[in-house]
Amino acid sequence: MTIIEPTTAQTKRKSSTVASTTTARIQSSAPSTFKRWGVKHPFFRYGLPMISLTVFGAVGLAHLIQGSKDIAKVKDDQEWDIIETKKQLSRTGPAYKPKHISLEEELKALQEKVDINNYEYKKIPRPSESKSH
């Protein structure tokens, strides 16, 4: 049995050709796989980006709008607190005595001030009459 050992130049050539063919296969298969996705399944190329933009855009806008609503609510609460404080301060003054007034009393007071039975007619000039005189 005789063993023939290849020279180092032959082994380098074989290993370099094997390595070059495997890298060529890897390089050629990776882009072609992704290229085929766009051709075979156009959803990945067009539909998925469109749907993701729509969903993420809606979520982002909802977040921004909620922030502005929160700010408006805080401002409104502050204004309401100021108004309530002013009302309480005006009510608790030394001369404050709440009046218990009914609608009937208010109606009687108004009828005493205004006499609806005594009136006189007054002619209101028309726009065309006021210009001619």
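This note goes through the predicted model point by point, from the whole chain to single contacts.

1. Basis of the model. Since the structure is a predicted model, local features need pLDDT of at least 70 and side-chain atom pairs count only at pLDDT 80 or more, while totals for chains, interfaces and linings use all residues. Residues are numbered from 1 along each chain as its sequence is written, and side-chain values use heavy atoms, with hydrogens and water left out.

2. Overall make-up. The chain holds four helices and zero strands, and its elements, read from the N terminus, run α-α-α-α; here helices (H or I, at least four residues) and strands (E, at least two) are DSSP runs, numbered from the N terminus. Of the 133 residues in the chain, 2% are buried, where buried means under 20% relative accessible area, exposed over 50%, and partly exposed in between (1.4 Å probe, protein chains only). The accessible surface of the chain is about 13500 Å², and carbon and sulfur atoms account for 63% of that surface; such areas come from the Shrake-Rupley method with a 1.4 Å probe, and for residues only the protein chains shown count as cover.

3. The annotated span. An unreviewed UniProt entry lists residues 43-65 as "transmembrane region", although annotations of this kind may be inferred rather than shown by experiment. In the model the span is 100% helix and 0% strand, with its end C-alpha atoms 31 Å apart.

4. A nonpolar surface patch. Phe 43, Phe 44, Leu 48, Ile 51, Val 55, Phe 56 and Val 59 together form a nonpolar patch on the surface, with about 700 Å² of accessible area. Val 59, which lies in helix 2 (residues 42-91), is exposed at 54% relative accessible area.

5. Aromatic pairs. The whole structure contains two aromatic pairs, defined by ring centres within 6.5 Å, with planes under 30 degrees apart counted as stacked, over 60 as edge-to-face and the rest as tilted. Phe 43 and Phe 44 pair edge-to-face, at 5.9 Å centre to centre and 65° between the planes; Phe 43 is partly exposed at 43% relative accessibility, and Phe 44 is partly exposed at 42%. Tyr 119 and Tyr 121 also pair edge-to-face, at 5.8 Å and 90°, and both tyrosines are exposed.

6. Ser 52, found in helix 2, is partly exposed at 26% relative accessibility, and its side chain reaches the backbone oxygen of Pro 49 at 2.9 Å.

Terms used. Patches are made of residues with over 30% relative accessible area and no salt bridge: like charges are joined within 9 Å, nonpolar side chains (Val, Leu, Ile, Met, Phe, Trp, Tyr) within 5 Å. A salt bridge is a side-chain nitrogen of Lys or Arg within 4 Å of a carboxyl oxygen of Asp or Glu. Rings of Phe, Tyr and Trp (its six-membered ring) pair if their centres lie within 6.5 Å; planes under 30 degrees apart count as stacked, over 60 as edge-to-face and the rest as tilted. A polar contact is a pair of N or O atoms within 3.5 Å; within protein, one must be able to donate a hydrogen and the other to accept it, and residues adjacent in sequence count only if both atoms are side-chain atoms.
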